[in-house]
Amino acid sequence: MACLTLLLEAGDWPHYSFAGVREQTAELANIALLGTTPHHDAHHDNLNPRPILSAARSSHSRDLFESARSSSYPRVSASPSHLSHLFRKDQLPVESPGESRGDYDHEGFDSGSECDPLVVRPRKRYGAIDYSIPEAAQEEEDDLESQRRYRRKSSARPRHGSTNRGRKWPKNGVGAILKLYDKPKWSSRDIWEKGIVQPVQYLPAVFLGLLLNILDGLSYGMILFPLGESMFSDLGPDGLSMFYVSCIVSQLVYSCGGSAFRGGVGSEMIEVVPFFHQMAYTILNEVGQDNPKSVLATTILSYAISSVLTGAVFFLLGYLKLGSLIGFFPRHILVGCIGGVGWFLMATGLEVCARLNGNLSYDLDTLALLFKPGTLILWTIPLALACVLILAQKKIKHPLFMPLYFLSIPIIFHVIVALVPSLDIHMLREKGWVFDAPQSGAPFWHFYTLYDFGAVDWNALLKTVPAMFALTFFGILHVPINVPALAVSSGMDNVDVDKELIAHGISNALSGCTGSIQNYLVYTNSILFIRAGADSRLAGLMLAAGTFGVMVAGPNIVGFIPVMIVGALIFLLGIELLREALVDTWGKLNKLEYLTICTIVVTMGAWDFVIGILIGVLLACVSLVVQTSRKSPIRATYSGSVARSTVRRHPTQQKFLREVGSQIQIVKLAGYMFFGTITSVETYIRSLDPTIRFVVLDLGRVTGIDFSAAEAFTRMQRVMAGMGVEMVLSGVTRGGDVGNALVNVGVWDVALVFETLNEALEFTENEFLKALYHEAAMDATPPPPSAVQLPKQLLAPPAIVGFEPSSPRRAWVRNAAETTMGSDEVAQTTKWATFKQPLPLILQTFQGTTDKNEDFWFSVCPVFRRVVFKQGQVVFERGDESTGFYLLEEGIFRAEYDLDQGRFTESIVAGTTCGELPFFSETNRTATVVAETDVVAWVMDRDGWETLKKDNTEAAMELLRISMKLTAERMHAITSYVLTSAG
């Protein structure tokens, strides 16, 4: 592979199959123009029909094929080819109209035209046409209705809220606080309004935010450590304090200018709790029960390190502006992970409420324990409270309803305890109704005492790294979802996700450095906070201060919190997440995606969170392959009678190609082709109609191809060769991914490869035209003196019409050839060959478009002059004045259209016209025309046209009618090709 790469880089790229095709096109046009029955002669070896590639052929036939290819299709030399001219983007030089280009037999003749603009109005500068000035640089220009379009001058002052001006982070926290106020100097009125009135107005919203933080802390801050394990059973208050620290740090970062959301609320990620439990159990199993100090020190350090790691990933994604990459992660995998968290919360709710020792086990003993009367009531009441709230929220939509609902539970609980003499708070703690009181005098910062780097088991810590990365991976998926959703809900349209990622990175890194855990911008809490009237950074700072006050008082309150309120919160979150994953997606996803979600939920809940994510990613890949394979890469199929090349051919040849065009099948492929999608292409190839002779596989819209798909092309070539069909590839770019893949598997050695679809169509049409003249040569009488001689090899049965004389393809081509060559038009062409030019050329070119005879057109001959153009000579350029109408006697013109809508080329061969519409309509040229070979043309200039209109009005009107017919024919052909190429 390395050697192949070096060869390709050195320029030893396999040559395209287009070599010699354009020369054949010119010779075939000359044959039609001469109008005589072709006969065999060694002088015209270029017209030897190509033998088909057989699936199994002898070494002798292989040698014959190689010999035929080497002689009939010479390799392209290293010099620039015509293809390089077709795709070059050079700026066209501006020349004055009427500049002489060509070796004229008569003097005073101007250059001529190419095809027809609908409406072209070139810009002018200093009295001359100027195509070098970009449209955007024009101060004004005329449109089709002669209206002027003026450029609006941009203001030097940026508009308010402009998104192109980045938001800068304040240099320090003090500066951020000072920037909350607009005026640098405060009056007494300012102090009253902004120092007293505004903070008082924010108090209700701050109170709501505090309630939400307290409820979140009780729901998943309390269970930061696996409380069911005896070693961690007393760490509920410590987990609550760590939760508050994370909330305070994130709130300060967002409110001091880190986030674009002035009322954004930061809090702990609930999804991190399952990973924390897994990390704690990993460390416990590694260190052992006999060393609690090491277990606790290692566990809490792993929590903090994971927060720093998450912050680093957030920051890098934002700094490198890679936030959009997260959107490529399949949404249903994230939904499955959310469902797995819901399962975990339901299991954790049972552990906390039922006061189970250790993790929830899925066995009969645990089931029996849960349904003991004393245990059953402990977890069914919280579950019932959660269900009642869910039902009530369907009727009551007020944002304060849920906080007040949960605040009422401990109040009612303690009122009942006070009214019933037999109930005692100490007895209720022993029975599992109330949380155990924290250690006597334990402060809110007690969790910092657990940090002991000397007691850390570093080997156990290393074993938690996979869980840390899984936690980080899951955490970074929230920001690209929450931030745009919050922006829409809050009416902000200038939010930069990458900057929000940077803010999250700083927030999580600071939280980890302060010994706390991950956090993020909470969508639900932020919406409630903003809608309560706290869309202000000052309100966010007040919320951070209030949260600090709650944290200081928190540990002493824990011993009086009923377990049911925490259990109800956990069950509520678990039910909501499971409903989001399993219920809300029902009927909205296909079966495979929904099965993936269920598999992830069960795996994460009953087995392992990290394994669940890995299985989800694996199933996502399988789902992608299956779903992508269902969509065929075949974008469209066309028959050769519809899809034609842009070569302007002789009317006789056009008639024949219409008859046999259905033996050419064009298959447009698109997208990325891999082992899952190529099978549909192979199935289509195997079902081809037996009358098909050429299959053109257009790869112009294929974005990439893997090894399996590239290798399948060799299989398809063998299948088609066995069917007598030749495979032609088009749209293969030199040095591109698709081209390299096909070279690597050897497709270039067994198939015909062209750079554009137009070249492939021109080649297949030439092959049929060679078969036409071969059939005519086989049936011809002894040749007249002016007959065209064809090579002796054409006496053999041509491969293009099938292997057997009785094949349907050969019979079809033979019948079409007999019909074409036996027509009156061909017979008349033979009669006209004795006339002096340009009369035969005029009669043949206008054949089928006029009913006038040679006597009528003889009077037109004097206005035409013979002009010779050398190969590569520019005939005229786009924008030039139309000064001539061309009839081609020999050679090929190449017309290059470089329009705003795109570029394409057209080949104009002998026996056709060039530049009729711009000439007769007196409009400027719409194409640049170059002599691709030495060309002999007969030209009518503007003076000749004026003379004809004056002396022979009938002939002038007939020419106008013919030009309209020819233009309609050109438009149909070009439109057909453009639509086929775009299909």
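Author: Two strands pair here if DSSP finds at least two bridges between them. Strands are DSSP runs of E, at least two residues, and helices are runs of H or I, at least four, both numbered from the N terminus. This is a predicted model, where local features need pLDDT of at least 70, side-chain atom pairs count only at pLDDT 80 or more, and totals for chains, interfaces and linings use all residues. Residues are numbered from 1 along each chain as its sequence is written, and side-chain values use heavy atoms, with hydrogens and water left out.

Reader: OK, which strands make up the open sheet that includes β9?

Author: Five of them, in the order β9-β11-β12-β13-β14, with mixed pairing.

Reader: What makes β9 and β14 edge strands?

Author: β9 (634-639) and β14 (752-753) each have a single partner strand, so one side of each has no neighbour in the sheet.

Reader: How do you know that β12 and β13 pair?

Author: Count the bridges: β12 (residues 694-705) and β13 (residues 726-730) share five, in the parallel sense. The cut-off is at least two, so they pair. Asp698, for one, has Ser730 in β13 as its bridge partner. Helix α27 packs on this sheet, touching β12 and β13, and its direction makes about 120° with that of β12.

Reader: Which residues of α27 are called buried?

Author: Buried means under 20% relative accessible area; over 50% is exposed and in between is partly exposed (1.4 Å probe, protein chains only). In α27 (residues 737-744), Val738, Gly739, Ala741, Leu742 and Val743 are buried.

Reader: Why is Ser294 called buried?

Author: Its relative accessibility is 4%, so Ser294 counts as buried. Ser294 is in helix α9 (residues 292-319).

Reader: Last one: why are α10 and α21 called roughly antiparallel?

Author: Angles run from 0 to 180 degrees between N-to-C directions, with axes fitted to C-alpha atoms, for helices over the stretch in contact. Under 35 degrees is roughly parallel, over 145 roughly antiparallel, 65 to 115 roughly perpendicular, and the rest oblique. The axes of α10 (residues 331-353) and α21 (residues 563-583) cross at roughly 155° and come within 7 Å. α10 and α21 are therefore roughly antiparallel.

Definitions and conventions:
Contact = heavy atoms within 4.5 Å.
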